[in-house]
Amino acid sequence: METVTNLLFGFSICLQPNNLLYCFVGVLLGTLVGVLPGISSASAIALLIPITIKIPPESSVIMLCGIMYGALYGGSTTSILVNVPGEAASVITSLDGYKMARQGRAGPALGISAMGSFIAGTISIFGLIFFARFLANFALRFGPPEYFSLIVFSFTILTLAMSGDIVKGAITAVLGVAMGTVGLDPTAGSHRFTFGWPSLMDGFGLVQVVIGLFGVSEVLLSLESYVKTEVYDKKIKGLFPTLRDWRDSIFPILRGTGIGFFMGIIPGIGVVLPTFLSYGLEKKISRHPEKFGKGFIAGVAAPEAANNAAAEGALIPMLSLGIPSGASTAILLGALMIYGIQPGPLLITESPTVFWGLVASLYIGNMMLLVLNLPLIGVWVRLLKLPYRLLSVLILLICLIGSYSISYMPADIIVMTIFGLVGYIAKKTDFELTPMVFGLVLGPMLETALRRSLILSKGSGTIFFTRPISLVFILLAMAVLAWPLFRKGMGKVRIARAL
Amino acid sequence: MRREGYVGLFLCFASALFCYGAFTLGIGKLGRPGPGFFPLLTGLIVGTLSLVMIASSIRGSTSRETGREKLITIRTILSLVCLLLFGVLVEKAGFFVCSFLFIIFVLRANGVNKWPFLLFFAAVVCVGVFFFFNVFLEARLPLGILDVLRS
């Protein structure tokens, strides 16, 4: 009963005209960045943070979250129509989605993608309500050692899930943590690595770093390698899937929702991996695995449901533990801190307007996306026909204004440009950048937890192994690290047996 | 050695500098860590991991990389210089002048050569973006040398 009352309270916040407008702007901008190549939801969220500082926190969070899941809808549109996924989470959708478009079935592909996402989003909201409260209550038992171990566990998962090369993933994550040490020392209050530069006194600005790493570098790379793609030109008809399409899709949608949601809860997993897993599962259990990759609607429905459910599942560790799941949630976490809200176990009780307003907005936002996006598909297609060089210069200009308007210091533009170069080189040398943002956001938390734990234990590292919750996280982290070695070993055994 | 090896060498050097900086901040004791304790730890981890990367790069260098693209192109360097110049000049020259020149230079660097179109596009974007940010979003983008017109 209490949950229903709280949910109604959330709707009363979200249905206020100004919040509805922010939600609408968020999902619309999200879809736009999802459609456009060269700009990710992470950089779009970072770009909007300076603008949202002036508005109430609940409105800001509603808008920024709208960008996150709106981008997933937009990303699938380009996957299906152009075979260019706007977001990494839509890569797998293009396998069957684009084939369907080529067969003249772009309408049902887009329709099932939007409706599957809506169903997944709606189911996940109830999961979010239940698990966020459960996890928040559990996290009240956490002290510094537990937080330290949990963050280490999240880092290991992220490093393994995000990058093909575990060493490179670990390097970027630790570099992010090292960057987080620049500025004021959280315990002693002394300056570290600031070199007398005023703009570094508060450390590297998250907004400038993210805009540089994701926005500027993506545009520079796209400008260099952009190839004009063939945009689907035919009139899109029959957006509503047929009864047979629904029969083929409904169970993949439900399974995709389950996989996406539960994988999204695990800190560090993000939204990309669940899409691959749900596609793989559908192919494995299908009675017609040969149809996958040739324009089968279940191959669109399952990953689309999975990515939307994972995006909402990822909000659970962010809101109830203060641990993000990927780049977008890391920036959302940073944004909440800028607004003076501390995500963690006490968020639900201390900032109910933010939590319940956000929960209700997920439902409203998903509904807006469903109602708006299907009729707007024609607009997105026309947008894709704009010359990319013109769009890119606009994106760069907005990146410049976004990083400058945080504190009106030209040095912020220089920081952004430097990180743009770092991101550009990192992408060319196959370094994954999300762990770096993750490290920058969680670095100060990790340092505080480690130093407090060492002070508590009078310098003994055994504190992480003698407290049960901390020990579980450490063991899980070790298991995650050992997993690739175990798989490699098993592969060798199989080859030896075969010989 | 492959490209990763050179990146590893750079990171190794950077982590050594970082560790030195952390050392000067004061490490403290295990029971009472100082401001340099955590940075030293991160510097050591980055250093160790970059050594692993260098080693694996040397081991893998026997298989030659083929068709490798350039690490950075002239076009990208020009775009980055434009971004830096924007940062350096924005307060003095103002948003209008800087963004107008920025758009022209970046588009020229990326192969847009029609001057009438360039000038028209740059002017429209500058006015549109300035109006959107300064009037609609109440940002304070500097007018710079055009401030004279206002007074």
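Between chain B and chain A the count of salt bridges is zero, where a salt bridge is a side-chain nitrogen of Lys or Arg within 4 Å of a carboxyl oxygen of Asp or Glu. Please bear in mind that this is a predicted model, in which local features need pLDDT of at least 70 and side-chain atom pairs count only at pLDDT 80 or more, while totals for chains, interfaces and linings use all residues. Residues are numbered from 1 along each chain as its sequence is written, chains are lettered from A in the order in which they are written, and side-chain values use heavy atoms, with hydrogens and water left out.

Staying with the two chains, 60 residues of chain B are in contact with 52 residues of chain A, contact meaning heavy atoms within 4.5 Å. Together they bury about 5000 Å², 80% of it on carbon and sulfur atoms; that is the accessible area (1.4 Å probe) lost on putting the two parts together, summed over both.

One residue to look at is Phe86(B), which touches Leu397(A), Leu400(A) and Ile413(A) as well as Phe95(B), Cys98(B), Ser99(B) and Phe102(B), leaving aside residues up to four places away in sequence.

Now to chain A, where the axes of helix 5 (residues 93-102) and helix 6 (residues 106-139) come within 7 Å and cross at roughly 145°; helices here are DSSP runs of H or I, at least four residues, numbered from the N terminus, and axes are lines fitted to C-alpha atoms over the stretch in contact, with angles from 0 to 180 degrees between N-to-C directions. In that pair, Gly97(A), Met100(A) and Ala101(A) of helix 5 meet Ala106(A), Pro108(A) and Ala109(A) of helix 6.

Key:
Helices (H or I, at least four residues) and strands (E, at least two) are DSSP runs, numbered from the N terminus.
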